[in-house]
There are 2 protein chains.
Amino acid sequence: MRIFDLAREHAVIGSAEAVLGWDQETYLPSAAAAQRAAQLSWLSAKAHELATSGDWQRALEDAEASAETGDFTQRANLREMRRSFDRATRLPVALVARDAAASSLAKHAWAEARERADFSRFAPHLAGLLDIAREKADRWGYTGEPYDALLDGYERRTSTAAVAALFDSLRPELRRIAASAVEVSAVHAPSLPPGPYPLAGQQRLNAQIAAELGFDFQAGRIDTTHHPFCTTLGPRDVRLTTRYDEGDFTSSLFGVLHEAGHGLYEQGLPEADFGLPSGSSLSLGIHESQSRLWENHIGRSREFWNRWYPVAQECFPQLAGFPLEDFLRYLWRAAFSPIRVDADEATYDLHILLRFGIERQMVNGSLAVADIPAAWNEGFRELFGFAPANDRQGCLQDIHWAMGGLGYFATYSLGNINAAQLHAAACSQPHIAAACKQADYAPLLAWLRSSVHAHGATLDPAELITQATGAAPSPTAYLAHLQDRYL
Amino acid sequence: MRIFDLAREHAVIGSAEAVLGWDQETYLPSAAAAQRAAQLSWLSAKAHELATSGDWQRALEDAEASAETGDFTQRANLREMRRSFDRATRLPVALVARDAAASSLAKHAWAEARERADFSRFAPHLAGLLDIAREKADRWGYTGEPYDALLDGYERRTSTAAVAALFDSLRPELRRIAASAVEVSAVHAPSLPPGPYPLAGQQRLNAQIAAELGFDFQAGRIDTTHHPFCTTLGPRDVRLTTRYDEGDFTSSLFGVLHEAGHGLYEQGLPEADFGLPSGSSLSLGIHESQSRLWENHIGRSREFWNRWYPVAQECFPQLAGFPLEDFLRYLWRAAFSPIRVDADEATYDLHILLRFGIERQMVNGSLAVADIPAAWNEGFRELFGFAPANDRQGCLQDIHWAMGGLGYFATYSLGNINAAQLHAAACSQPHIAAACKQADYAPLLAWLRSSVHAHGATLDPAELITQATGAAPSPTAYLAHLQDRYL
């Protein structure tokens with residue numbers, strides 16, 4: 001169908017953008033930023049033009065008119081392409097331009113405000129971005145509250161009220177687990193033997209592990225950046241990055257494990273459908289479930305290290321006298337940090353609960369911008385027992401709002417919850433559980449391939465989880481996992 | 001003017017293509033080739049569409065109508081844009097498509113034919129490409145012979161007859177110099193002390209030298225590929241590549257010196273005019289003059305190594321007992337090789353003379369495809385004194401014909417000749433000559449910046465050389481340089 005050809009062309013443009021974006025983060029010379037911005041802006045304009053064109057609209061309508069004859073995948077593709085088309089075309093060009101300009105300025109203001117721990121420098125920009133976000137929400141439409149329309153952009157057909165109820169139900173137990181984990185760590189927290197852990201050894205170990213987990217280096221690579229990420233440059237071109245700390249080899253390794261989780265998902269999507277919803281990842285909450293599953297459920301498990309600790313000891317002789325038990329304690333260490341990106345598995349979700357609550361009020365209009373720092377500090381104290389030293393360590397720490405990424409944060413915890421439910425469902429099958437005990441993850445990956453990856457974006461997140469696990473999305477498995485590991 | 005805006009947009013597309021092309025040669029995972037081809041083909045179609053559009057034509061005509069009021073640069077830009085537009089639009093779309101398809105098939109056939117040293121597998125493809133080349137020549141038009149129109153694509157407004165006369169006049173002297181250099185080498189040819197020359201040391205030395213010559217690493221980088229090249233991804237983004245041989249550090253270094261010569265030219269072009277002829281390199285023969293100047297006139301000079309040999313000795317301890325005199329002999333070694341890319345400075349041009357003569361006859365129709373191997377072997381024997389062992393070492397060795405790159409070869413020798421003339425003219429200024437003696441090349445680079453780089457493509461090659469050196473293009477300086485070094 002013509003609309004699918006157009007979608008594939010759109011994906012060619014988008015994947016070319018991804019190449020330029022990847023290069024920008026990895027190898028771009030410092031003086032080349034302006035030309036790169038011009039190249040990316042040209043490509044993104046062309047992609048937007050195409051996906052909002054009359055040609056596209058007619059092709060979509062033609063396809064919809066004959067959709068009854070299509071199979072499940074075809075109908076899902078048309079449904080999701082309609083959804084994307086409507087979301088894209090409901091925003092007037094002037095609003096999109098205003099949004100881009102405002103967030104570009106806001107990013108600079110935010111960086112300065114954060115540097116000086118001075119929220120007032122960022123406040124007017126944030127107020128402007130919130131106005132734009134509310135206008136976008138109004139144009140996109142919602143049934144419950146404006147925040148729904150924003151959340152829908154990251155986790156489609158998920159209601160704010162349902163997420164709020166979920167987070168409320170989790171709060172007491174998450175606090176209990178975090179407090180206990182932090183307490184245990186304070187008593188018994190072995191330090192990793194001192195470095196250097198040479199870069200070459202880290203790279204060798206990381207690549208060996210990623211390959212054994214199933215990451216295909218014929219169709220991907222690992223490079224170095226300040227912030228680890230995973231990006232897809234084509235159906236057979238998935239690139240991970242990590243960062244290296246010569247004092248702690250686990251920093252780069254867990255970067256790789258997390259990003260390889262994203263990468264395995266991308267490599268597992270139906271290759272022939274690249275550019276169509278059926279060949280695309282589903283949502284941030286599902287993407288994050290894959291990264292968290294490999295990072296935390298596998299990478300921090302005793303079974304994994306039974307297999308890999310001897311290899312790590314060969315790479316890094318200083319580990320010879322450091323027992324596996326101590327190494328695991330080191331991996332499971334927990335501490336209350338004011339900074340989300342420094343948080344461990346046991347305390348991470350508290351950061352998300354705080355952000356989600358504040359952001360929801362900001363967007364819906366029940367929290368004034370000027371009152372954000374106080375609300376943040378009070379909410380933080382309730383969850384963590386102390387207040388951040390300043391706004392740099394508080395409400396100014398994340399770039400998300402400045403980028404206009406309102407509605408994003410909840411997906412981190414949804415990812416954690418989904419990861420646990422998927423992992424538990426897979427391991428309820430004896431052959432998968434038995435293999436995992438031997439650190440053989442091929443059966444687990446095969447299950448994820450068929451239960452998650454193969455579906456692309458043809459199901460909604462809740463449908464996917466229900467179909468894959470036999471139960472509606474629920475935090476039960478996640479809490480059980482945290483209790484098991486930290487209590 | 002609108003035509004200049006369109007040209008800048010065209011350069012944004014072209015430079016995005018360059019990013020993808022660079023990645024393809026450096027970091028692309030092996031399974032990703034198909035998507036990369038799709039991305040590149042989409043971009044090149046958009047670039048072609050734009051540069052041959054009615055919009056472009058009207059904007060060019062509008063600009064031409066008001067050109068009398070423009071300054072020299074503006075008039076030169078319009079003249080060259082008209083030339084490019086006419087060359088692009090004189091070829092019907094069907095011919096361009098036939099050319100692309102034929103050369104794609106020919107490349108595969110050539111690789112196979114070369115592998116098996118079997119010219120007959122390549123012959124029908126070459127015959128087809130020659131038909132296409134002749135049709136292109138007819139459509140582009142020429143005054144002397146069809147080959148003129150092809151040569152004009154690489155070295156504009158240069159006549160085949162003039163190049164032939166130049167090469168004829170050089171032949172006896174080049175043969176005499178080559179024979180003598182080879183004879184000297186056979187008697188006294190010190191071997192480089194054995195490796196390993198560790199990669200990290202090579203990279204450090206290469207980068208230090210490139211930076212001191214003036215290559216701006218804020219606006220460029222060096223990566224690793226099988227074949228060294230230089231490519232421009234934006235006005236401040238020039239990327240070099242080289243390859244490493246742990247047994248001989250000079251291999252990667254001379255790759256860098258050659259490509260840095262190209263890179264210094266690209267970095268020296270007027271940045272604000274990126275995408276216009278006045279901000280573009282002029283021709284292959286001028287580009288090659290820059291690479292050859294830094295590679296051969298500077299990089300193989302005694303003065304250069306007075307400065308750098310002690311640094312190399314620090315990087316590579318095995319050089320400690322290897323005298324500078326022996327090292328220079330090693331750099332100046334010469335041998336008759338059947339393979340052009342293995343040829344040294346003293347024998348290189350003989351390979352070009354052979355190719356130019358044969359290619360000219362092929363294109364003009366006076367040499368049948370079936371007779372090429374015999375003509376090659378006979379011509380080779382006349383120049384080198386022996387015949388290649390087979391066609392793999394003979395007429396099948398270069399990819400140029402299979403890529404449809406007919407008319408290209410002469411520019412290598414034109415580059416050598418231009419390099420010598422420019423270098424001699426620069427060094428006729430006492431302050432430049434004095435600085436070069438101290439291996440301080442800043443004054444030389446400043447002279448090249450103002451005499452060559454700053455002009456972009458606003459002059460023709462012969463005009464540029466004449467204006468820069470005060471004399472019409474001539475091989476006198478080149479022969480003097482070769483005699484000085486090899487006799």
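Predicted model: local features only at pLDDT ≥ 70, side-chain atom pairs only at ≥ 80, totals over all residues.
**View 1. Overall fold of chain A, with its 20 helices and three strands.**
The radius of gyration of chain A is 23 Å, close to the 23 Å that the globule rule gives for 487 residues, so the chain is as compact as a globular protein of that length. Along its principal axes, the C-alpha trace of chain A spans about 70 × 50 × 50 Å. Of the 487 residues of the chain, 43% count as buried, and among the contacts in chain A with a separation of 6 or more, 69% are accounted for by residues 24 or more positions apart.

**View 2. The open sheet of three strands in chain A, with the order β1-β3-β2.**
The pairing in this sheet is mixed, and its edge strands are β1 (220–224) and β2 (230–234) of chain A, each of which pairs on one side only. Averaged over the sheet and with direction ignored, neighbouring strands are turned by 25 degrees against each other. On one side, five bridges join β1(A) to β3(A), and these two strands run parallel; on the other, four bridges join β2(A) to β3(A), which spans residues 237–242, and this pair runs antiparallel.

**View 3. Bridge partners along β3(A), seen for Val238(A) and Arg239(A).**
Val238(A) in β3(A) is the bridge partner of Thr232(A), and Gly220(A) also stands opposite Val238(A). Arg239(A), likewise in β3(A), is the bridge partner of Thr231(A).

**View 4. The contact between domain 1 and domain 2 of chain A.**
Chain A is divided into domain 1, covering residues 1–89, and domain 2, covering 199–332 + 412–486. The C-alpha centres of these two domains of chain A lie 28 Å apart, and their contact takes 17 residues from domain 1 and 15 residues from domain 2. On the side of domain 1 of chain A that touches domain 2, the elements that give two or more residues are α1 (2–26) and α4 (72–89) of chain A. The largest share of that side, twelve residues, comes from α1(A). By residue class, the side of domain 1 of chain A that touches domain 2 divides into eight nonpolar, six polar and three charged residues.

Definitions and conventions. Residues numbered from 1 in each chain as written. Chains lettered and ligands numbered in written order. Pairing = 2+ DSSP bridges. Axes fitted to C-alpha atoms, helices over the stretch in contact; angles between N-to-C directions. Domains from an automatic or database assignment. Contact = placed C-beta atoms within 7 Å. Nonpolar A, V, L, I, M, F, W, Y, C, P; charged D, E, K, R; others polar. Rg over C-alpha atoms; globule rule 2.2 N^0.38 Å. Buried ≥ 20, exposed ≤ 12 C-beta atoms within 10 Å, placed from the backbone.
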